[in-house]
Amino acid sequence: MNYSGFKVIKEALTGHRGWGPAWRDAAPQAEYDYVIIGGGGHGLATAYYLAREFRQSRIAVLEKGWIGGGNVGRNTTIIRSNYLLDGNEPFYEFSLKLWEGLEQELNYNAMVSQRGILNLIHSDAQRDAFIRRGNAMILNGADAELLSTTRIRDRYPFLNVNNARFPIKGGLAQHRGGTVRHDAVAWGYARAADQRGVDIIQNCEVTGFRIENGTCTGVETARGFIGAKKVAACVAGSSSRLMQKAAMRLPIESHVLQAFVSEGLKPVLPGVITFGAGHFYCSQSDKGGLVFGGDIDGYNSYAQRGNLPVVEDVCEGGMAIFPMLGRARLLRSWGGIMDMSMDGSPIIDRTHIDGLYFNGGWCYGGFKATPASGFAYAHLLATDTPHETATAYRFDRFERGRMIDEKGMGNQPNLH
Amino acid sequence: MLIDHPLLGPRDASEFVYKGDASLINRPDWQAEDALAKFIDYGYLRDNPASDHRELWFHEQGDRSWLVVTRDTTTHEIKSVELARDVARREGRSK
């Protein structure tokens, strides 16, 4: 079924009896060419691009719960491509370009809103660093603009530019950045993949890998053994837990990241704003809630909930630039589990086991990467070579000394 | 989270800095034949269990002692707290 304005009007006039399920509830077959573990944004995008871009068939996505129930449903919905390093920026810019065409391509309203993102500058040294980053972005085909304090005050009159400790000295804007309706990304990819014959199998937890003579031949699941020529792990947040079943240890720790939303307000915040002196980022959802977040809690966790010191820290960061936030009530907070890698960058690579592939380590940058991650992973699965924008995301970069450390923090996952 | 410090009693976790897996106490022998492989493992690979996790916390805003905390990563429940010094001595790492 194709969605269109005409269809909406027709259904409105005929009692909405013509809508069908957006994807089939598939039962697992005995064998597939590709089994993708994890029905989140990245897994569903991988299945979609495998089927559409690389013309592959016999693809299944296995999900232990319901699709889109993990981090694609638990993030702050921001998209951007404002990275510095060569290993990262082409990949994230590729992702932003895919976001720009996503809704037409999927025939699904994912509410992609390029309302712009602004990173605030609070010191001369930070301005130098941001100018360098902006230049790196432009060299890689992205957009970046340095804004003066006057222009920022004109556009965002509610910002406290004269904070005694962290005055606002300017900002680096990426006007093509913005937000996307996060759940719709999972649903849109699921529907489009299903239309191309992908089996989306929910309530099907993978309990083990079948590995014979160094080759992965399939997965044991809660619904029996499923054979596969290629098995693709795509479960960021739980990567260590899954890959431990294949006796792999990863350069990853799992950490909890909290996010928050205020009560619904009239439109007050155009675009996404990030605080440069602490860690705070905020946008306003189309329902009116101010959606914001900050740092991870900083200790290993699989609990999907965090502690109060980080709530306080995030809200302090918000109040420093954004005093009107204090008048809004906090409505909800939640936590998601991040694969925090040793250098803060992801991994899309083959493993040492033939037929077993890995996608993970997204730290807290996974949502914006969803389309490119799916595309690059599908490229790797279909051709056994990395996509041109994802050549640096290898397992062996740590032992080869080729880490992609945006913040220069070293091998300490909770500092990225 | 409250960490029951062996010397100071219960202290708020925000007084501490988190380092990671307590296996970091066991720094490999740099003169061993396989030192390079051991150090790659030591520096970059982690068990990252979804269950009890022995981990290092540094009491930076307190007495600056290192602790080994055993904590369930699925519930944040703290099962035991020891001075890292005692653990290291027991494992023959310290004098």
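**Note on a predicted two-chain model**

1. In chain A, the contact between helix 2 and helix 9 joins Gly41(A), His42(A), Ala45(A), Thr46(A), Tyr48(A), Tyr49(A) and Leu50(A) of helix 2 with Thr370(A), Pro371(A), Ser373(A), Gly374(A), Phe375(A), Tyr377(A), Ala378(A), Leu381(A) and Ala382(A) of helix 9, where two residues are in contact if their C-beta atoms, placed from the backbone, lie within 7 Å. Sorted by class, the residues of this contact are 10 nonpolar, six polar and no charged; here Ala, Val, Leu, Ile, Met, Phe, Trp, Tyr, Cys and Pro count as nonpolar, Asp, Glu, Lys and Arg as charged, and the others, Gly among them, as polar.

2. On the basis of the note, the model is a predicted one, in which local features need pLDDT of at least 70 and side-chain atom pairs count only at pLDDT 80 or more, while totals for chains, interfaces and linings use all residues. Residues are numbered from 1 along each chain as its sequence is written, and chains are lettered from A and ligands numbered from 1 in the order in which they are written.

3. On the geometry of that helix pair, helix 2 (residues 41-52) of chain A and helix 9 of chain A have axes 7 Å apart and pack at an angle of about 55°; helices (H or I, at least four residues) and strands (E, at least two) are DSSP runs, numbered from the N terminus. The axes are lines fitted to C-alpha atoms, for helices over the stretch in contact, and angles run from 0 to 180 degrees between N-to-C directions. The two helices are therefore oblique to each other, given that angles under 35 degrees count as roughly parallel, over 145 as roughly antiparallel, 65 to 115 as roughly perpendicular and the rest as oblique.

4. Helix 9 of chain A also meets helix 3 (residues 89-106) of chain A, their axes coming within 7 Å and crossing at roughly 105°, which makes helix 3 of chain A roughly perpendicular to helix 9 of chain A. Phe91(A), Phe94(A), Ser95(A), Leu98(A), Trp99(A) and Leu102(A) of helix 3 make this contact with Pro371(A), Ala372(A) and Phe375(A) of helix 9, and by class the residues are eight nonpolar, one polar and no charged.

5. Is Phe375(A) buried or exposed? Phe375(A) is buried, because 25 other C-beta atoms lie within 10 Å; a residue is buried if 20 or more other C-beta atoms lie within 10 Å of its own, exposed if 12 or fewer, and partly exposed in between, with C-beta atoms placed from the backbone. Apart from its neighbours within four places in sequence, Phe375(A) is in contact with Tyr49(A), Glu53(A), Leu98(A) and His387(A).

6. Chain A is assigned domain 1 (29-77 + 182-250 + 344-415) and domain 2 (113-173 + 253-341), the bounds coming from an automatic or database domain assignment. The C-alpha centres of domain 1 and domain 2 of chain A are 29 Å apart, and 21 residues of domain 1 are in contact with 18 residues of domain 2. On the side of domain 1 that touches domain 2 there are seven nonpolar, 13 polar and one charged residues.

7. Between the chains, 21 residues from chain A and 19 residues from chain B take part in the contact. Helix 7 (239-243), strand 12 (252-264) and strand 15 (289-300) of chain A are the elements that give two or more residues to the side of chain A that touches chain B, and that side has nine nonpolar, eight polar and four charged residues.

8. Chain B has two helices and six strands, which run β-β-β-α-β-β-β-α from the N terminus on. Its C-alpha atoms fill a box of roughly 45 × 30 × 20 Å, taken along the principal axes, and 19% of the 95 residues of chain B count as buried.

9. Two residues deserve a look at their backbone angles, since most residues other than glycine have a negative phi. Met111(A), in the loop between helix 3 and strand 4 (117-121) of chain A, has a positive phi near 55°, and His76(B), in the loop between strand 5 (66-72) and strand 6 (78-83) of chain B, has a positive phi near 70°. Met111(A) is partly exposed, with 17 other C-beta atoms within 10 Å, and His76(B) counts as partly exposed, with 19 C-beta neighbours inside 10 Å.
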